Amino acid sequence: MATAAMSSTLNQLTTCCLPKRSNPTKLRVFTLRCSIQTASAGLADRPWKTSDARLVLEDGSIWRAKSFGASGTQVGEVVFNTSLTGYQEILTDPSYAGQFVLMTNPQIGNTGVNFDDEESMQCFLAGLVIRSLSIGTSNWRCTETLSAYLAERNIMGIYDVDTRAITRRLRQDGSLIGVLSTEESKADEELLEMSRAWDIVGIDLISGVSCKTPYEWVDKTNPEWNFNSRKGVETFHVVAYDFGIKHNILRRLASYGCKITVVPSTWPASETLSMKPDGVLFSNGPGDPSAVPYAVETVKEILGKVSVFGICMGHQLLGQALGGTTFKMKFGHHGGNHPVRNLRTGDVEISAQNHNYAVDPESLPKGVEVTHVNLNDGSCAGLAYPAKNIMSLQYHPEASPGPHDSDNAFGEFIEMMRRVRQGA
Ligand SMILES: NC(=O)CC[C@H](N)C(=O)O
């Protein structure tokens with residue numbers, strides 16, 4: 001069992017062993033060392049688990065760690081997430097398909113998992129990278145430990161890895177492809193080769209996470225946690241394109257009084273328009289928005305004919321459909337603490353974010369307004385095209401996890417649909 005003294009020793013070691021960027025042609029191994037030794041050689045096995053996994057990054061660094069969840073070998077892009085809570089919502093956010101999520105919060109697993117906090121039916125991410133795996137769970141809602149949950153879903157996790165050092169490397173050099181392996185038989189060079197042979201850019205990851213057939217969604221936010229709900233108001237029919245949709249987007253729309261039909265990413269625009277919805281929502285989703293031209297075409301066919309709201313991937317597809325371009329950011333935004341300025345009101349919202357791509361505002365045609373700006377780096381965080389009843393956000397008004405400052409964006413979408421219905 002890890003004592004406070006032990007974890008403080010570990011923290012000191014982590015600080016003073018911060019590795020420098022390695023020569024890309026050489027493999028360099030980083031291990032979190034523990035200062036506690038076994039008594040004398042051969043007397044007893046160590047009472048704690050020793051390293052049994054490697055994370056090999058494309059820059060040639062090798063991070064020795066301990067595995068939990070599933071075992072095997074997996075490739076993906078490593079991104080860091082700065083949320084303090086909500087690891088289960090993050091694990092089930094389909095937008096993380098193809099990525100290893102490294103949590104900067106050093107202790108994960110404390111609250112276990114529960115089935116009410118899932119953002120989709122599955123974990124699509126490549127794996128989870130954490131500093132310390134909590135040895136116990138303490139939460140009245142907990143139904144299972146994080147380890148058991150990941151093992152059942154065949155998702156690999158590693159802990160006792162220097163997450164601060166990896167995060168600093170990602171911030172300095174940008175997102176990196178990595179291979180996580182528990183297989184001793186695989187040589188370091190082989191894993192490095194795998195990481196260099198794979199790329200997340202240009203792959204359609206949406207088709208692997210979208211639903212296959214349309215369905216109706218009725219669940220609202222649980223009354224225990226609800227806020228901003230509207231009572232006794234008219235109902236609006238929204239068709240929601242599932243590019244990897246998070247359940248909380250659907251719950252929030254339902255709580256605002258929408259009747260929702262969720263459709264697959266390949267659902268023809270003509271079918272959507274024939275349903276005569278009041279609005280169309282383009283959801284969040286994984287990967288490169290330039291790798292799904294079919295989705296951009298669908299958005300183009302719908303724009304101007306009905307009110308639309310794009311969230312994250314939906315915002316990026318809207319940007320492209322309007323004639324703009326998207327680009328890959330250095331390491332993206334992933335976390336629940338990103339300040340955004342709403343340029344219409346002047347208000348600053350603390351927002352939940354998860355994206356690696358962004359719309360280039362310079363590429364947008366006249367009439368398209370940048371409505372929100374990310375205050376950390378000035379990137380475009382929201383768009384509107386009032387003449388065509390279009391609005392979009394690069395971040396997550398549904399939060400989950402994250403602050404609820406931006407929830408009113410759903411209210412604005414409702415207002416837009418109401419104005420169109422009233423012919424205003
Ligand atoms: N959450 C999302 O919709 C992410 C959008 C896109 N996959 C990106 O990384 O930018």
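In the predicted model, K276 is exposed, with a relative accessible area of 69%. This residue is located in the loop that runs between α7 (269-274) and β14 (279-282). The backbone of K276 adopts a positive phi of about 50 degrees, although the residue is not a glycine.

A positive phi also occurs at S400, where the angle is near 60 degrees and the residue is again other than glycine. S400 belongs to the loop between β20 and α10. With a relative accessibility of 13%, S400 counts as buried, because buried residues are those under 20% relative accessible area. For K276, the value of 69% places the residue in the exposed class, because that class begins over 50%.

The peptide bond that joins S400 to P401 is cis, with omega at about 5 degrees. P401 is likewise found in the loop between β20 (390-393) and α10 (408-421).

The surroundings of the ligand were examined next. A shell of 13 residues surrounds the ligand, and the closest are G285, G287, Q316, N354 and N356. By class, the shell comprises 9 polar residues, 4 nonpolar residues and no charged residues. Two elements, α9 (313-321) and β17 (348-359), each supply at least two residues of this shell. The largest share comes from β17, which contributes 4 residues.

On the backbone, an N or O atom of M313 lies 2.9 Å from an oxygen atom of the ligand. A polar side-chain atom of Q316 is likewise placed 2.9 Å from a ligand oxygen atom. The side chain of H396 has an N or O atom 3.5 Å from a nitrogen atom of the ligand. Taken alone, the ligand exposes 300 Å², of which the protein buries 97%. The space that the ligand takes up is the largest cavity.

Around the ligand, the shell of 13 residues contains no charged residue, and the protein buries 97% of the area that the ligand exposes when taken alone.

Definitions and conventions: Residues numbered from 1 in each chain as written. Predicted model: local features only at pLDDT ≥ 70, side-chain atom pairs only at ≥ 80, totals over all residues. Heavy atoms only, no water. Buried < 20%, exposed > 50% of the residue type's maximum accessible area, 1.4 Å probe, protein only. Near = heavy atom within 4 Å. Polar contact = N/O pair within 3.5 Å; in protein donor to acceptor, adjacent residues only side chain to side chain. Areas by Shrake-Rupley, 256 points an atom, 1.4 Å probe, with all protein chains shown as cover. 1 Å grid on protein atoms, 1.4 Å probe; cavity = no way out; pocket = protein on both sides within 12 Å on 5 of 7 lines; lining within 4 Å. Sits in = over half its atoms within 2 Å of the grid points. Nonpolar A, V, L, I, M, F, W, Y, C, P; charged D, E, K, R; others polar.
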